[in-house]
Amino acid sequence: MCATCGCSGAARLRLVTPHDGQHEHDAQHEHDAQHEHGHGHTHGPEHEHGRTVVLQQKVLAKNDKLAALNRSWLAERGVLAVNLMSSPGAGKTTLLERTARELDLDLCVIEGDQETALDASRISRAGRKVVQINTGAGCHLDASMVADALEQLDPQAGSVVVIENVGNLVCPALFDLGEAARVVLASVTEGADKPVKYPHMFRGADLVLVTKTDLLPYVDFDVARHAADVKQLSPDARMIQVSATTGAGMPDWYTWLGGQIA
Ligand code: MG
């Protein structure tokens, strides 16, 4: 959990457009993480269990309030927000690049990474409006960062905002961003044991995308076992197999996304 994982506070936002390159906007994210995440406080034992639990509850309660504000802001505008989560390298950005090029929907993207605007540049080149959040030492996006990014993006009524979270199967599961749906990617190259190892992430999923299925002939990935484990954790979650390389399964993902708007 975040009181012990090393998250810290200051996030930077930049709007990346194909025309102006990178316009950096410092969004001074003083979400009190230094204090609330429990780093640097000198009073009391650092790893005392009771204190850690209280700090986690405070951080998450504050985040939940901000997430609720994001949710009503999005609802008032008629904008659908989706929180896209996975381990690093599962193919989130590649999925979004192809989606950005193929899907006939008003779609914009919030990118979360510790450093660089590499992913935002890819989305921008695919023709969509995108804001990059750099979390520094932070290992997840929080509702406050997303609120600032939404303001910069200014999404229109009827549009979709896909929030690509920082690649991490642990902390992002804890932080509500105000999204309407949670999508978890699991690539076949990671192995089929991720749901049982990281149950919190999969338990909250509305959709699980099994990605890189074009590589199935070359890797040891038990599709049936993976599906059964996901089903156990999240009985109502939809599961779709996709390859953003070959395009297989992508129409099912588009249909699911379109269905969320309706
Ligand atoms: Mg990415």
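Author: This is a predicted model. Start with Asp176 and Arg71. Their side chains meet in a salt bridge, at 2.7 Å from N to O.

Reader: Which parts of the chain does that pair tie together?
Author: Asp176 lies in the loop between strand E6 (160–164) and strand E7 (181–187). Arg71 lies in helix H2 (residues 49–77). So the pair ties together parts that are 105 residues apart in sequence.

Reader: Is Asp176 buried or exposed?
Author: Asp176 counts as buried, because its relative accessibility is 17% and the cut-off for buried is under 20%.

Reader: How many salt bridges does the structure hold?
Author: Ten. Another one joins Arg122 and Glu97, at 2.8 Å from N to O. Arg122 sits in helix H4 (residues 118–125) and Glu97 in helix H3 (residues 92–102), so this pair ties together parts 25 residues apart in sequence.

Reader: And how covered are those two?
Author: Glu97 counts as buried, with 15% relative accessibility. Arg122 is partly exposed, with a relative accessible area of 23%.

Reader: Is Asp119 buried or exposed?
Author: Asp119 is buried, with a relative accessible area of 12%. Salt bridges with shared partners join Asp119, Arg122 and Glu97 into one network.

Reader: New topic. Which residues are the protein donors of the magnesium ion?
Author: Asp119 turns up again here. The donors are Thr93 through OG1, Asp119 through OD and Glu164 through OE. They lie 2.1 Å from the ion.

Reader: How are the donor residues spaced in sequence?
Author: The spacing is T-x25-D-x44-E. Thr93 is in helix H3 and Glu164 is in strand E6, 71 residues apart, so that pair links distant parts of the chain.

Reader: Are Thr93 and Glu164 buried or exposed?
Author: Both are buried.

Reader: What caps the N-terminal end of H5?
Author: Asp142 does. One of its side-chain oxygens lies 3.1 Å from the backbone nitrogen of Ser144.

Reader: And what follows H5?
Author: Asp154 follows, with a positive phi near 55 degrees. Asp154 is not a glycine, yet its phi is positive. Asp154 lies in the loop between H5 and E6. Asp154 counts as partly exposed, at 36% relative accessibility.

Reader: Where does Thr116 lie?
Author: In the loop between E4 and H4. Thr116 has a positive phi of about 75 degrees, although it is not a glycine. At 35% relative accessibility, Thr116 counts as partly exposed.

Reader: Last topic, the greasy middle. Which residues touch the most other members of the largest nonpolar core?
Author: Val183, Leu209, Trp253, Trp256 and Leu257 do. The core has 29 residues.

Reader: Which elements give two or more residues to that core?
Author: They include strand E3 (80–85), strand E4 (107–113), strand E8 (207–211) and helix H9 (250–261). H9 gives the largest share, five residues.

Reader: What is Val183 in contact with?
Author: Leave aside its neighbours within four places in sequence. Then its contacts include Val82, Leu84, Leu207 and Leu209. Trp253 and Trp256 are on the list too.

Reader: What other core lies apart from the largest one?
Author: There is another core, of 20 residues. Leu74, Ala81, Leu141 and Leu177 are among them.

Reader: Why would nonpolar side chains gather like that?
Author: In soluble globular proteins, nonpolar side chains tend to be buried together.

Key: Residues are numbered from 1 along each chain as its sequence is written. This is a predicted model: local features need pLDDT of at least 70, side-chain atom pairs count only at pLDDT 80 or more; totals for chains, interfaces and linings use all residues. Side-chain values use heavy atoms; hydrogens and water are left out. A salt bridge is a side-chain nitrogen of Lys or Arg within 4 Å of a carboxyl oxygen of Asp or Glu. Helices (H or I, at least four residues) and strands (E, at least two) are DSSP runs, numbered from the N terminus. Buried means under 20% relative accessible area, exposed over 50%, partly exposed in between (1.4 Å probe, protein chains only). Donors are N, O and S atoms within 2.8 Å of the metal (3.2 Å for Na, K and Ca); water is not among the atoms, so sites may look incomplete. A polar contact is a pair of N or O atoms within 3.5 Å; within protein, one must be able to donate a hydrogen and the other to accept it, and residues adjacent in sequence count only if both atoms are side-chain atoms. A nonpolar core is a set of buried Ala, Val, Leu, Ile, Met, Phe, Trp, Tyr and Cys residues joined through side-chain atoms within 4.5 Å. Contact means heavy atoms within 4.5 Å.
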